Amino acid sequence: MSGLRRALLGLGLLVSPPWSWRLAAKAAQAGYCPAGRLPPFSSPVGHRQPGAAAMQTAAAAQGIKYLGQKEAQAIDQELFEEYKFSVDQLMELAGLSCATAIANAYPASSFTVSQPAVLIVCGPGNNGGDGLVCARHLKMFGYEPTVHYPKRPNKPLFEGLTKQCQKMGIPFLSEFPSEAALVDEIYGLVVDAIFGFSFQGNVRDPFGTILDTLEKVTVPIVSIDIPSGWDVEKGKPDGIQPDMLISLTAPKKAAKHFTGRYHFLGGRFVPAAMQKKYSLNLPPYPGTDCVLRLL
């Protein structure tokens with residue numbers, strides 16, 4: 001494999017200058033053909049006609065509770081303080097749920113090229129940690145994830161998650177592609193793990209520029225818990241519009257404004273007593289599954 005193609009696909013541990021994205025794009029036009037295009041799918045699971053079980057799940061999901069920001073924060077706090085879950089415990093379960101939901105909707109075998117390339121964009125908080133865990137599990141599931149993690153917390157938990165990805169050969173991009181066409185050319189799927197339900201205020205760079213680019217991509221976007229940049233309760237009609245939303249614990253009110261094809265519930269860790277206390281009305285997960293399709 002040529003050095004340029006390796007740089008395009010992010011198959012090293014770090015992609016950085018002198019391989020500029022504009023130079024890479026020009027070289028691609030000259031004869032290099034990066035892999036990773038997702039659509040059209042060959043036979044994605046998510047496109048199958050729903051059976052009786054799926055229809056029952058959809059009916060049950062109609063009564064599910066959509067959480068506001070304060071209530072979602074209260075549930076998280078109670079899980080930590082009263083039930084003694086640790087952050088890394090819940091992050092591992094959440095990230096595994098996200099990777100499993102992605103594998104359900106966009107199976108690696110449905111990518112029309114040999115390498116199912118996925119770009120995971122991680123933010124500085126717990127949502128970014130979920131993204132790192134998701135990347136690790138996607139690698140185990142046969143995908144070729146690449147991570148962009150521009151603002152890394154100086155904390156052992158996130159340093160450990162980063163090291164795990166690096167040791168598994170998952171590359172980290174030092175710069176985000178400046179043009180949506182480059183994302184479309186190189187990757188078949190983008191995972192938005194930038195901001196979660198605790199986010200408030202204006203989006204600052206580099207994430208503002210990243211979201212501007214993601215608004216223009218044509219490959220599917222998967223958002224973890226909340227589409228980044230959205231108001232947690234009101235949504236954002238002019239923001240990114242993901243093809244898939246993975247709600248963790250319970251859907252947030254912004255999910256009512258989601259118009260994509262796939263909505264999954266993940267994070268099968270909410271005790272029955274908490275579900276009753278907060279009147280979550282969560283549909284039952286099938287069998288031993290850690291995700292449940294709502295849409």
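Helix α5 (residues 87-105) and helix α6 (residues 126-140) cross at roughly 55°, with axes that come within 7 Å. The two helices are therefore oblique to each other, a word for angles that are not under 35 degrees (roughly parallel), over 145 (roughly antiparallel) or 65 to 115 (roughly perpendicular). The crossing of α5 past α6 is right-handed. This is a predicted model, in which local features need pLDDT of at least 70 and side-chain atom pairs count only at pLDDT 80 or more. Residues are numbered from 1 along each chain, and side-chain values use heavy atoms, without hydrogens or water.

Let's look at where the helices meet. On the α5 side, the residues include V87, M91, L96 and I102, and they face α6 residues among them N126, V133, R136 and L138; contact here means heavy atoms within 4.5 Å. By class, this contact has 10 nonpolar, 4 polar and 3 charged residues.

Now for the aromatic rings. The whole structure holds 3 aromatic pairs, that is, rings with centres within 6.5 Å (planes under 30 degrees apart are stacked, over 60 edge-to-face, the rest tilted). One of them is F111 with Y143, edge-to-face at 6.0 Å centre to centre and 75° between the planes. F111 lies in the loop between α5 and β2 and Y143 in the loop between α6 and β3, so the pair ties together parts 32 residues apart in sequence. Both F111 and Y143 are buried, meaning under 20% relative accessible area.

F195 and F207 also pair edge-to-face, because their ring centres are 5.5 Å apart and their planes at 70°. F207 counts as buried at 5% relative accessibility, and F195 does at 11%.

Technical notes
Axes fitted to C-alpha atoms, helices over the stretch in contact; angles between N-to-C directions. Helix = DSSP H or I, 4+ residues; strand = E, 2+ residues; numbered from the N terminus. Left-handed = near helix turned anticlockwise from the far one by under 90°. Nonpolar A, V, L, I, M, F, W, Y, C, P; charged D, E, K, R; others polar. Buried < 20%, exposed > 50% of the residue type's maximum accessible area, 1.4 Å probe, protein only.
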